Every structure is written in C-alpha cells, then in structure tokens.
Amino acid sequence: MTDVLQAVLIMVLVAVLVFLIVRLIPGDPAQQVLGQKATPRAVAALRHQLGLDRSLPAQLWSYFTGLLHGRMGSSLVEQGVTVSSLVLSGLGVTLTVVAATVVLSVAAGVPAGLWSVLSRLPGLDVGVRGLSVVLLASPPFFVGLLLILVFSLELHALPAGGWGAHAAADARYLLLPAVALSCYLGPVIVRATRQSALAAARQPFVEATLARGISPRRVVLAHILPNSLLPLITLVGLNIGWLISGAVVVEAVFALPGIGQVLVQAVSELDYTVIQGVAIVTALVVVLANLLADVAYTVVDPRIRHGR
Amino acid sequence: MSVLAGTGAPAGRARRALMFSGVRRAVGRSAAVRAGGGLLILIIGACVLVPVFWPDATNAFVTAPFAPPSLAHPFGSDDLGRDVFVRTLAGGRIDIAVAAAVVAISCTAGTIIGACAGSSKRRWASLTVARLVDAFIAFPYLVTILVLVVIVGPSAQIGPAPRGLTAVLIAFLVLGWTFYARLARAEAMTIRQRDYIVAAEILGYPRRKIIFRHILPGVVPVTIAYAVADAILTMGALSSFAFLGVGVQPPTPEWGAIMYEGRAYLDSAWWITVCPGLLLALTGFALSLLADGLLRGADD
C-alpha cells in the first residue's frame, strides 16, 4: 500500500514539475511559437488558448482536472490534433520496441549468464563478461547503424527502417531496433543473472539436493534458474526509463514513428503542449513500471509475501 | 579535546587518505583499472595532441570526397573531402571534455546534497530531497534533457562553448546531480548510525564538521565509482543528440555529429560513421574497465 501511495505522490510531483517547466520558459511561449512578427492579437489569442492569461493557481487547477480526465490539450502546430492521440500512437510503437527488447534480452541474457557460471569450459565466463562489457560500452544508436550496414545494406535481409502497416509486417521492422536496444539491456541482465546464480549455487539447499542424488541439470532448471529470474523483475522495472531513452534515439536511427519521433518533432517546432504531454506520459509509464515490478515481485516471491 | 587540538594538518591528510583509499587500493591492485586507465589516457592524449600536429585542418577540404581509408587519411574522407581522422580526434575533445566536466560537477554537487540530506536530523529535509530526486528520475533521461534544451533555448551561448552545446550542458547539469544525491543519501543514512558518528555528536562537534570530515569520506568512494559509469552514459547521450536534432552544430566536429552526417552515405562510405563510432565504443570500453575495477575496489 505504501508503494502505491509513494507512486501517486511521485506522479503528482512529476505533473507539477512539468507544469512549472513550461512556465519557466524565458519570455512568452505564445510569442515564441508565433514568432516576433505575430500581431499582439494573435499572441493574446494563443495565450488564452494555453490558459496563460489566468492566475497561476487557476492554471494549475484546470491543468490537473484536465490530466485526470486524460485531456492534455491540442497540438499548437498541427491544428485539430489532440496531444493524447499523438502521444498514444507514438507510445504504442515505443512500448512495442521496449517489450521486444526485454523479451530478446531475457531470452539471450539469462542462458548466457547461467551458462557462464555453471559451465566448466575454461574462458567461457571471461568471454561472456568481456562481451557484455564491450556491448555495454557501445551506444545503441551506433549498434543500430552497424546492424543497418550489415543486415540491410550488405545482406538485404531486413529493412533499414520504417514501420509496417499491420502487426505481422511490424515484426520485420522491429527486429533490428530491438537487437540494437538489447545491447544495452542484455549485458545488464547477464550480469544480474551471473550474480544471483552464483549466490543461489552457494546456498545449502543446492548442496542438499545434489547430495540426495538429483541430477545437476534438474537442480539448475528447478532451483537455481527460478532464483536467478526473481531479481530480473525489479531490474527490468528499474530500467524502463533507460530503455525509453534508448528507444528515443534508436527510433531516430530506424525512422520508427514512436514517442521519440513525436518528441523530436515537437522540440524542433516548439510545440509546447506536445512536449508537456510526452514528458508526463513517459514519466507515468516509468513510475507505473516500477510499481508493477514491486507488486509482481511480492506476488512471485513467497518469501517477501509471508516474510513481513 | 586537548589531545585532538592542533592536529589539523595530519587530520586533513588522514581524511584525504581515507577518502581516496578505496580508489587508490583499486588502482594499485586491479589490472582492469590499469588497462582501462592506460587506454583512456592514450585516447585523450591522441585527441588533444594529434589534431595539433596533423597536416590537415579539421574543416579544410583536403582530398576527394568519399575517399576510402588510406595511409594519408586513415579514416578516409567525408562528403566534402574533409579528413575524417582529424575530425574524429578533434571531435573527441568535445565529447570527452563535456563528459568530464558534467560528471565532475554533478558528482560533487550530488554527493554534497545527498550527504547533507542523508545525515540531516530533520526528517522532512531528507525526505524532500529523496522525493524530488524520485520525481526527477521518473522522467526518462533523454526526455528530460530534450525538454530542458527547449527551455534553455538551443541558441543560448555562454563562454567559449560551441553553438548548441550550452543548452545541452545546462540540461546535463540540472539533471546530473540527482543520481549521485540518491546514492550519497542512502550511504550517508547508513553511516550516520555508526558509533563514531554518535561519538562525534556527543563530543559536540559542529554538524558541518561531522558531515564533511566523518560522513563524506565514506560516501565519496561510492559516488566516484558510479561517476565513471556515468561518464559512459553522458558520452553516449551527447553523441546521440545529433540524431535528435540538438547539440553541437556543424561544422564543429563531434563524434555524434560526424556519425549523423555520415549516416546518409552509410552504403557507399561506411567509414564516416563507423570510425568515430568505434572510437566512441573504445572510450566507453576503457571507462567500463575502469568502473568495474573501481566498483570492486569500493566493495571491499
């Protein structure tokens, strides 16, 4: 319960921060949007549309009630387009990329981490660790460019960018961005898996199961693996913010119509309402992801549920 | 008290020794730290010195456009016939200097804010800092930076920083301290409970002295270890700004800007994009080695 309260508190703080930030813009946002040559009348009209001509508390009130109803105003540049429709269409693409990245990173990272700890092959552990250091050091956008160079331009196997018309076609467009972003998340998961597998392997119950004659493979799959999967829930939750940041850049490289592209366009056009909407919605996604990770952890791990 | 009086100088030395003992131990023992540090010094040295002595200027049109890598031009030339090698090394100065400055300032400010908040007796002060940091960190990093760049205005300019860089720098600094403050606060809260802090309080030491002389030395190794990892993130973020339409403006060379310019010619002249990217990754690799070794040093 305290988790939920804290999350709500942070969301309120986030909304207030965004509210203040737009009011911090030096000069008059309306003037900036319209340019120096705008008539005073046009500026006054835009100020009215933005609600800037009212008192600060009144602005804050209407802003909050609007947010609670899911209203975030309409784009200043594209007439008649609501901020929520822009943000939600972008968010769908971005979260698809993020979800694919998580699946890919877990599918590759967990076996790699377990294998490097448990295998007796000399050098495997060093190799896996070295590879993860190299991948972690390469920014996702550079990996993305390399992938385009190899798989799109040389091998002509996958598209260099864009987005499909329907879900089945999206998969082809999704693969390279997700691989690029996995170069950030994958090594993080390999490291965490290594650490928790090492810790789990040292527990007395593992020795006990081995002593009872249960096959090592079964011990790994039934006892060590679940124990090393648990911390990953928190880890992925904590990394959602970084993944969205990474996705913003990867989207720019692969020309995906995600929230990053919405934001970049809004930034270049000084579309304040859209910028405000993107900031709030992405922050809410991060807070919700952290909350979900906390809740999921208590559901999955009986020790935490009953331990208190 | 009289025993302790007059030992200011040795105590200062001892404090400094304590503050950096974790770091120094890690440097002395770990091969990773030495390899990473050596590689980093090599890269920084090359970025600072080579453009001074290289025959081609960074913005001069010295050869045919899209010339592949050769002995005279190890990284080839770009669409305007500029030498990519010298541009890459000169560009590295910006990336490395910005990362170093941002990390140094953020680390110092965040460590002090976090240590003060964590050791404060006033619960509300500590909690206010914690919640503020939570709210800042809730925004995805790049989203916050882009929003801040808009607020500062991309054309703002302070001092000698190249056009477009000032807004990015300010944005980095507004956000940077938060991670350090969170780490430092958590560490200070555990140190505050220790017996020697309680003893210092009973002895009537002033608050400031307790924080700076007794709590801070325990906090610094933790934040410094994170600072090296933060430098990788800062460099990665800075070089990705060109792809988002903010940051250093052409013709000033910067790794991300060079890669962005080369992206359009990826199929015919891969070297414009790949060479700066490899140097960026190599710098990140050196810093990872350093961070790994330091973290291990701070642990024991």
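In chain B of this predicted model, 70% of the contacts with a separation of 6 or more are accounted for by residues 24 or more positions apart. The secondary structure of chain B consists of ten helices and zero strands, and its pattern along the sequence reads α-α-α-α-α-α-α-α-α-α. Of the 300 residues in chain B, 51% are buried.

One loop residue of chain B was examined individually. B:D79 lies in the loop that runs between α2 (31-53) and α3 (84-119) of chain B. When residues up to four places away in sequence are not counted, B:D79 touches B:P65, B:F66 and B:Y265. B:P68 is eleven residues from B:D79 along the chain, and the C-alpha atoms of B:D79 and B:P68 are separated by 11 Å.

The contact between the chains draws 41 residues from chain A and 35 residues from chain B. On the side of chain A that touches chain B, two or more residues are given by each of α1 (2-24), α6, α7 (140-154), α10 (216-254), α11 (259-269) and α12 (272-300) of chain A. The largest share of this side, eight residues, is contributed by α10(A). By class, the residues of chain A that touch chain B comprise 36 nonpolar, five polar and no charged.

Two of these elements of chain A, α10(A) and α11(A), also pack against each other, with axes 7 Å apart and an angle of about 80°. Angles of 65 to 115 degrees count as roughly perpendicular, and α10(A) and α11(A) are therefore assigned to that class. In this packing, A:A247, A:V248, A:V249, A:E251 and A:A252 of α10(A) meet A:G260, A:Q261, A:L263 and A:V264 of α11(A). The contact of α10(A) with α11(A) is made up of six nonpolar, two polar and one charged residues.

The buried residues of α6(A) are A:V128, A:S132, A:L135, A:L136 and A:A137. In general, an α-helix has 3.6 residues a turn, so residues three or four places apart point the same way.

Note on methods
Residues numbered from 1 in each chain as written. Chains lettered and ligands numbered in written order. Predicted model: local features only at pLDDT ≥ 70, side-chain atom pairs only at ≥ 80, totals over all residues. Buried ≥ 20, exposed ≤ 12 C-beta atoms within 10 Å, placed from the backbone. Helix = DSSP H or I, 4+ residues; strand = E, 2+ residues; numbered from the N terminus. Contact = placed C-beta atoms within 7 Å. Nonpolar A, V, L, I, M, F, W, Y, C, P; charged D, E, K, R; others polar. Axes fitted to C-alpha atoms, helices over the stretch in contact; angles between N-to-C directions. Parallel < 35°, antiparallel > 145°, perpendicular 65-115°, else oblique.
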